[in-house]
Amino acid sequence: MTSALILVDLMPRIIALPLAPHSGDEVLARCGALARSFRANGQPVVLVRVERPNVAEQPPGSDFADGLVHDGDIVVVKRTIGAFYGTDLDEQLRELGVDTVVLAGLVTTMGVESTARAAADHGYELEFVVDAMSGLAADEHEFAVERHFPRFGEVRNAADYS
């Protein structure tokens, strides 16, 4: 089994939002630790960020958080909520023999969940690192974690990957 870590929308303008139950900085720290662990084990790390379509210039804070991207990481720029539609993410994962995706990032019920649903549609096994993601409201995050995610895959915490 080959697993890849997919980190969604860890961009300063999203990290700075009033998120719950975890702050953007907490999520970023846990995602950074996950990425270091995956890289140390020779497993792929995918960094996904969104660009708004049909605008001349992206809003400030639309790049990745400082220090997040490392040589050898897969970088995906999406123009929709999820990371698969309109990108080559599936092709890149298939080339690496990935069969399991481990998801974390922002925001739980938007980019993370949309990417998860598409990953399931593409036949990947799913793992959710629920303390390395957060929502726009704690109750939205908790509902996804307790009700939706267990139907798609394994629900875990960042400590499970250290």
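1. Arginine 30 has a relative accessibility of 25% and therefore counts as partly exposed, since that class lies between the cut-offs of 20% for buried and 50% for exposed. The model under review is a predicted one. Aspartate 131, by contrast, is buried, with a relative accessible area of 16%.

2. The side chains of arginine 30 and aspartate 131 meet in a salt bridge, at 4.0 Å from N to O. Arginine 30 belongs to helix α2 (residues 24-40) and aspartate 131 to strand β5, so this pair ties together parts that are 101 residues apart in sequence. Side chains of opposite charge can pair when their charged atoms come close. A search of the whole structure finds 9 salt bridges.

3. A further salt bridge joins arginine 49 and aspartate 63, whose closest N and O atoms are 3.6 Å apart. Because arginine 49 lies in strand β2 (residues 45-50) and aspartate 63 in the loop between β2 and β3, the pair ties together parts that are 14 residues apart in sequence. Arginine 49 counts as buried at 13% relative accessibility, whereas aspartate 63 is partly exposed, with a relative accessible area of 49%.

4. Arginine 79 and glutamate 51 also meet through their side chains in a salt bridge (3.1 Å, N to O). Arginine 79 is found in the loop between β3 and α3 and glutamate 51 in the loop between β2 and β3, so parts that are 28 residues apart in sequence are tied together. Arginine 79 is partly exposed, with a relative accessible area of 47%, while glutamate 51 is buried at 18%. Arg49, Glu51, Asp63 and Arg79 are linked in a network of salt bridges.

5. The whole structure contains 3 aromatic pairs. One of them, formed by phenylalanine 84 and tyrosine 124, is tilted, with 6.0 Å centre to centre and 35° between the planes. This pair links distant parts of the chain, 40 residues apart: phenylalanine 84 in the loop between β3 (74-78) and α3 (89-95), and tyrosine 124 in the loop between α4 (108-121) and β5 (125-134). Both phenylalanine 84 and tyrosine 124 are buried.

6. Phenylalanine 128 and phenylalanine 149 form a stacked aromatic pair, 4.0 Å centre to centre and with 5° between the planes. Phenylalanine 128 is in strand β5 and phenylalanine 149 in helix α5, so the pair ties together parts that are 21 residues apart in sequence. Phenylalanine 128 is buried, as is phenylalanine 149.

7. On the surface, a patch of negative charge gathers Asp139, Glu140, Glu142 and Glu146. Glutamate 146 lies in helix α5 (residues 138-152) and is exposed, with a relative accessible area of 54%.

Conventions. Residues are numbered from 1 along each chain as its sequence is written. This is a predicted model: local features need pLDDT of at least 70, side-chain atom pairs count only at pLDDT 80 or more; totals for chains, interfaces and linings use all residues. Side-chain values use heavy atoms; hydrogens and water are left out. Patches are made of residues with over 30% relative accessible area and no salt bridge: like charges are joined within 9 Å, nonpolar side chains (Val, Leu, Ile, Met, Phe, Trp, Tyr) within 5 Å. Accessible areas come from the Shrake-Rupley method with a 1.4 Å probe; for residues, only the protein chains shown count as cover. Lys and Arg count as positive and Asp and Glu as negative; His and the chain ends are not counted. The place of a charge is taken as NZ of Lys, CZ of Arg, CG of Asp or CD of Glu. Helices (H or I, at least four residues) and strands (E, at least two) are DSSP runs, numbered from the N terminus. Buried means under 20% relative accessible area, exposed over 50%, partly exposed in between (1.4 Å probe, protein chains only). Rings of Phe, Tyr and Trp (its six-membered ring) pair if their centres lie within 6.5 Å; planes under 30 degrees apart count as stacked, over 60 as edge-to-face and the rest as tilted.
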